[in-house]
Amino acid sequence: MQQPYLEVVGISKSYPGVRALSDVNFSVRKGEVVGLVGENGAGKSTLMRILGGVTEPSSGKIILDGRELTCLTVAESMRGGIAFVHQELNLFENLTVAANIFIGREPRRGGVLRLVDEGELNRRATPLLTQLGADFAADTPVGALSLAQMQLVEIAKALSLRARLIIMDEPTSSLTATETERLLAVVARLRSEGVSIILISHRLAEIEHAADRVVVLRDGKCVGELDRADIRAETMIRLMIGRDLKTLYRQPARPPGEAVLQLKDVRTSYRPEQPVSLDVRRGEILGLAGLVGSGRTELARAIFGLDPLKGGEIRIAGKAVAITSPRAAIGHGLYLIPEDRKRSGLLLDFPIRSNVTLASMDTHSRFGLVDRHAEEASAEEQRRSLDIRTPSVSVLAGALSGGNQQKVVLAKWLSMAPKILVFDEPTRGVDVGAKNEIYGLMRALSDRGVGILMISSDMEEVIGISDRVAVMHEGRIAGFLGREELSERAILSLAVGRLAA
Amino acid sequence: MMISRKDLSLLILIIVVGTVVAIINPRFLSPINLSNTANLIGLFGIFAVAQAFVIISGGIELSVGSIIALLGVLFVDLVAAGTLSPGVAFLVVLALGCLIGLLHGFLVARVGLQPFVVTLCGLLIYRGIARYYTEDATAGFPFGASFPTLEWLVAGRLYGVPHSLIAFLLITVVMGVVLHRSVYGRHLFAVGKSEEAARYSGINTTRVVISAYVICCGLTAIAAVFIAMYTRSISPSSHGNFYELYAIAAAVLGGCSLRGGEGSILGVVLGTVLLQVLQNLVNLLGIPSSLNFAVMGSVILIGVLADQQFSKRKVR
């Protein structure tokens, strides 16, 4: 049997408090396409960072082309022939295709003048593009290309570096069906030329179609390896799920009331062709599940007035409202706890006090001047009721831990009698203890009649907290699941685009 | 108001420099010199405070000098020709200043142009209009003409304290309250620090930024009148040249960050004082006046460097 090109043996990676990977083994042979699947947070990204030399494994070894290593550096990884085509492309849109492919390795002329030899640059780039069947010239500016074409540039760049293993991370997540087909054709062509590919994708149909072998990760462990004949979506889903989820669920105090937020055929600029309709009822927590890139955050941004609606209607408490700015949304009692709290949720250089009152200056001022006493009183009240751990509300928000920062973001809205709260990844970067407190707060709020829409990629959170779950897939709602129907399997089946579980 | 560490070190620096100059040349403390310096502090301070508002919003206003020239010649011309009474002329000039600010703010916050570009164009345009308006001749009051009330008001002294300084202090107090005590000031700091977080909190960021330019250019218009009456004659090609840079220098020296969201009125006042004391030092110590800018530049650079070293140490 042929020696594998890359072999990963017993790789583990621990972060404080988390075991991201434990004892992962897998190999890639020359000219083989390996599918790598797993839920959000299963450890795929960590594994890829280790192969790229960005992250150092805690233990285990990597055998690359017969050489045994305990860890890779970025340079070793590149020299060893590993190349990445990331979800977010790293291209310079202001430069041409050829310039991007040979960035940092430009052919020179003119001796000491060190001029770029543009002719040679294009001559070298053209065969690579031909090899990939690209329909654009080497001197096209990258800014003029489509996303699918940009991916080909990334692949051409990998080939120019004599890559022997190309790792593609969700390469098709933003491509149309035709573009996807063409990309998979390129994958097949590369394979026939002896290049190995690791294909990470949430689209199981693609994996079924393209992979020679599939490795399934769950909770940082390698839970299954399927050979060509056994690769079926059902099997992969069965392997991906099956975590033992702790039951976090707290019963609501009373059955949900009337709909407080209604979306009717709402279209966002992310996927304007997909209308979204859903209702959030008073006193209910509606989970919004889906894989990364399914359009959940974009939906939240549109509801909160950050992006214009492309169509449809938003109703609050039964009345159609025009939400053209966050200001308008806030005026209707609809608040957003954003995904990136350090950038959008907080002013890290402002004291806790000012962060709490930032959105409600009207009630904390007299004659246009800030009423410091009122401000201090509100902030103190929120600090006590949310148990924000800080010696004083004068402490800068940036000095707090993740969980306490999130409580400050929450405090900002709680002092303003919310009707609807939209949480985008409410416990990302929050430690376990604070997580439970935040869950408790969410339930307490819903019991007070607030309608809650919770976007989450954490399966445990979605199943553990929600009264009902809407699952998104590629910009549309793939289905709703009631409390009694909630299971990892049901959610995942919808999230990967299968209508029935 | 609590005095910050930054402001305190600036104050100490001013006292040290002042003491050294006074020891070398006792004329520094003569009433006439102090009064002249105070007058200059008043004149330059008004538009330095103005500049601070735009800098805290995260922008920059480069057309200050040209606005001072254009509104200065307009004011002198309107008054000298007897077209308008000084009071009405002042209001017209003030309104024009606010209008210019509105235009700049609109182009920056609504249209999305870069502040540097917008106000650089302003710098060129207003200077050009000023020169065209006067046909490049010096604008001034005709020989013998006098407006005693006006002159007393803007160029007079009260117990030796120039009125420009009094006006500056009044403006400082009012704008200090606006910046550090008002809801608008809070929103301005928030927008300057993180436009995104401010928007997510429902702040009308466009309006906040536009207001900053209106305040800046409005205050600059007031400064323009004081400066016009101080110089009494205005040659439109050189009047107010580089004043925007004095303003930016004072603001930066006073702790404003060009990234926005940082700064204090007290800091800007101290920055202005330090710059004027340095000017005075160059004159009194017999340093060739051609070195004027070089001295100022070096002091600012050293100040900013020292500040960066201090804050680095604090982080560690």
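Which residue takes a positive phi in the hairpin of β4(A) and β5(A)? I looked there before anything else. D65(A) does, with phi near 55°, and the hairpin has 2 residues between its strands.

Ground rules for my notes: this is a predicted model, where local features need pLDDT of at least 70, side-chain atom pairs count only at pLDDT 80 or more, and totals for chains, interfaces and linings use all residues. Residues are numbered from 1 along each chain as its sequence is written, and chains are lettered from A and ligands numbered from 1 in the order in which they are written.

**Strands in chain A.** I took strands as DSSP runs of E with at least two residues and helices as runs of H or I with at least four, numbered from the N terminus. Strands count as paired if DSSP finds at least two bridges between them. β4 (residues 59-64) runs antiparallel to β5 (residues 67-69), and 3 bridges join them. L64(A) has R67(A) as its bridge partner in β5(A). I also found β4(A) paired with β1 (residues 6-15) of chain A, antiparallel over 5 bridges. There, S12(A) stands opposite S59(A).

**Where the chains meet.** I used C-beta atoms, placed from the backbone, within 7 Å as the contact test. By that test, 20 residues of chain A are in contact with 15 residues of chain B. α10 (326-331), α11 (341-345) and β20 (369-370) of chain A each supply at least two residues to chain A's side.

**Helices in chain B.** For expected span I used 1.5 Å times one less than the number of residues. α4 (residues 86-110) has 25 residues and reaches 35 Å from first C-alpha to last, close to the expected 36 Å. I called a residue buried if 20 or more other C-beta atoms lie within 10 Å of its own, exposed at 12 or fewer, and partly exposed in between. Buried residues of α4(B) include F90(B), L94(B), I100(B) and H104(B). Their cover includes α3 (64-80), α5 (115-133) and α10 of chain B. After α4(B) comes G112(B), with a positive phi near 85°.

α12 (residues 265-284) of chain B has 14 of its 20 residues buried. G286(B) follows, its phi positive too, near 70°.

**The core.** I defined a nonpolar core as buried Ala, Val, Leu, Ile, Met, Phe, Trp, Tyr and Cys residues joined through C-beta atoms within 7 Å. The largest has 243 residues, and I166(A), L199(A), I46(B) and A224(B) have the most contacts inside it. Its largest share, 19 residues, comes from α10 (residues 205-231) of chain B. Beyond four places in sequence, I46(B) contacts residues including F168(B), L219(B) and F226(B).

Note on methods: Contact = placed C-beta atoms within 7 Å.
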